[in-house]
Amino acid sequence: MSGCEMMQMEGGKQLFAQASAVSIHTGNIVNWSRLKKKCPTSPSEELQDCIRETLEKWCSQVSPELLKEPPATLECTITQDVDSISPEEREELKVSAKLFLSDPDSSGIKDAVKKACSALSVSQLDSVIIAPPPLEDGASLSLSHLQPYWEELETLVQSQSIVAIGTSDLDKVLLEQLYQWAQVKPSSNQVNLASCCVMPPELTAYAKEYDIQLLTHSDPKELIPMLSFQEAVIASVQDNLAYEWITKWVLRYSVIVKSRGIIKSKGYLVYAKRIRY
């Protein structure tokens, strides 16, 4: 590593130590050769690897101008890794996202969707699936728990920032309750096949009757536990106060070529805040 690169690394670490929030965008990870070689064993491991790699790259490319006026919120993006979508190709592509919330505050939903649209240079996302914050042990997901998040999504549909919205891990009873209550009906519901090897017949029948697409997934309840995020920060920027960082939300997006069904790009947006103890 050259002397200039070492100075940039140190500058990045200094900025990170002073920041109160961080917004991370991995860019398109489909072409990351290191990920292809390693083949992460789980979505959580993939995300942790992506965060670490992005922060390391960002630190090595920090602009000296940033050091003069350190921002409170760091925007950690590797510009050359971002595949924005041109207006000419937009109609040929489907942009889907799944939003994992770590915080009960529903206001992060609008921010996440806005950041995703901006990062990809699009005016709207074709679909967004919501994964509410993990519940405390022994608690069960209920309609009242879902409602504030769903209302935020409905507002984004009405403002044409999202076309369709979906849910994750709802059984037939809760899906029916949400459908009957909601102004904007769920267009899809993801089912984790780790918890049920076969789609429950009553869920399948209800989804068919109301034209709700049933999808499968293998995501954990918490995509990146707080400790895993802190470990990625320690490994990449050696922040001695990494234990102060907590993730607020993670948005995973994929851009699919409609006519061929192939993934053109995939990436993560992560927002975290530092909690001073």
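**Loops, cysteines and helix contacts**

Tutor: Serine 140 is exposed, because its relative accessible area is 63% and the cut-off for exposed is over 50%. Keep in mind that this is a predicted model.

Student: Which loop holds serine 140?

Tutor: Strand E4 covers residues 125-131. Serine 140 lies in the loop that runs between E4 and helix H6.

Student: How far apart in space are serine 140 and serine 106?

Tutor: In sequence, serine 140 and serine 106 are separated by 34 residues. From C-alpha to C-alpha, the distance in space is 19 Å.

Student: What is the phi of serine 121?

Tutor: Serine 121 is found in the loop between helix H5 (108-120) and E4. Most residues other than glycine have a negative phi. Serine 121 is not glycine, yet its phi is positive, near 60°.

Student: Is serine 121 buried, partly exposed or exposed?

Tutor: Buried requires under 20% relative accessible area and exposed requires over 50%. Serine 121 has 45% relative accessibility, so it counts as partly exposed.

Student: Which loop holds aspartate 169, and what is its relative accessible area?

Tutor: Aspartate 169 has a positive phi of about 65° although it is not a glycine. Its loop lies between strand E5 (162-168) and helix H7. Aspartate 169 is partly exposed, with a relative accessible area of 29%.

Student: How many disulfides does the structure hold?

Tutor: A disulfide is a covalent bond between the sulfur atoms of two cysteines. For cysteine 59, the nearest cysteine sulfur is that of cysteine 76, at 7.3 Å, while the cut-off for a disulfide is within 2.5 Å. Cysteine 59 is in no disulfide, and the count for the structure is zero.

Student: Is cysteine 59 buried or exposed?

Tutor: The cut-off for buried is under 20%. At 0% relative accessibility, cysteine 59 is therefore buried. Cysteine 117, at 8%, also counts as buried.

Student: How are H3 and H9 oriented to each other?

Tutor: The axes of H3 (residues 43-60) and H9 (residues 226-237) come within 9 Å and cross at roughly 30°. Angles under 35 degrees count as roughly parallel. The crossing is right-handed, and H3 and H9 are therefore roughly parallel.

Student: How many residues in the contact of H3 with H9 are nonpolar?

Tutor: On the H3 side, the contact includes Ile51, Leu55 and Cys59; on the H9 side, it includes Phe229, Ala232 and Val233. By class, three of the contact residues are polar and three are charged, and the nonpolar ones number eight.

Student: How is H5 oriented to H6?

Tutor: The axes of H5 and H6 come within 9 Å and cross at roughly 40°. That makes H5 oblique to H6.

Student: Which residues of H6 does H5 meet?

Tutor: H5 passes H6 in a right-handed crossing. H5 contributes Ile109, Lys110 and Val113. The residues they meet in H6 are Tyr149, Glu152, Leu153 and Leu156.

Student: Which residues of H7 are in contact with H6?

Tutor: The axes of H6 (residues 143-158) and H7 (residues 172-181) come within 11 Å and cross at roughly 45°. That makes H6 oblique to H7. H6 makes the contact through Leu143, Leu146, Gln147, Trp150 and Glu151, and the H7 residues are Leu174, Gln177, Leu178 and Trp181.

Methods. Residues are numbered from 1 along each chain as its sequence is written. This is a predicted model: local features need pLDDT of at least 70, side-chain atom pairs count only at pLDDT 80 or more; totals for chains, interfaces and linings use all residues. Side-chain values use heavy atoms; hydrogens and water are left out. Axes are lines fitted to C-alpha atoms, for helices over the stretch in contact, and angles run from 0 to 180 degrees between N-to-C directions. Helices (H or I, at least four residues) and strands (E, at least two) are DSSP runs, numbered from the N terminus. Angles under 35 degrees count as roughly parallel, over 145 as roughly antiparallel, 65 to 115 as roughly perpendicular and the rest as oblique. Contact means heavy atoms within 4.5 Å. Buried means under 20% relative accessible area, exposed over 50%, partly exposed in between (1.4 Å probe, protein chains only). A crossing is left-handed if the near helix is turned anticlockwise from the far one by less than a right angle, and right-handed if clockwise. Ala, Val, Leu, Ile, Met, Phe, Trp, Tyr, Cys and Pro count as nonpolar, Asp, Glu, Lys and Arg as charged, and the others, Gly among them, as polar.
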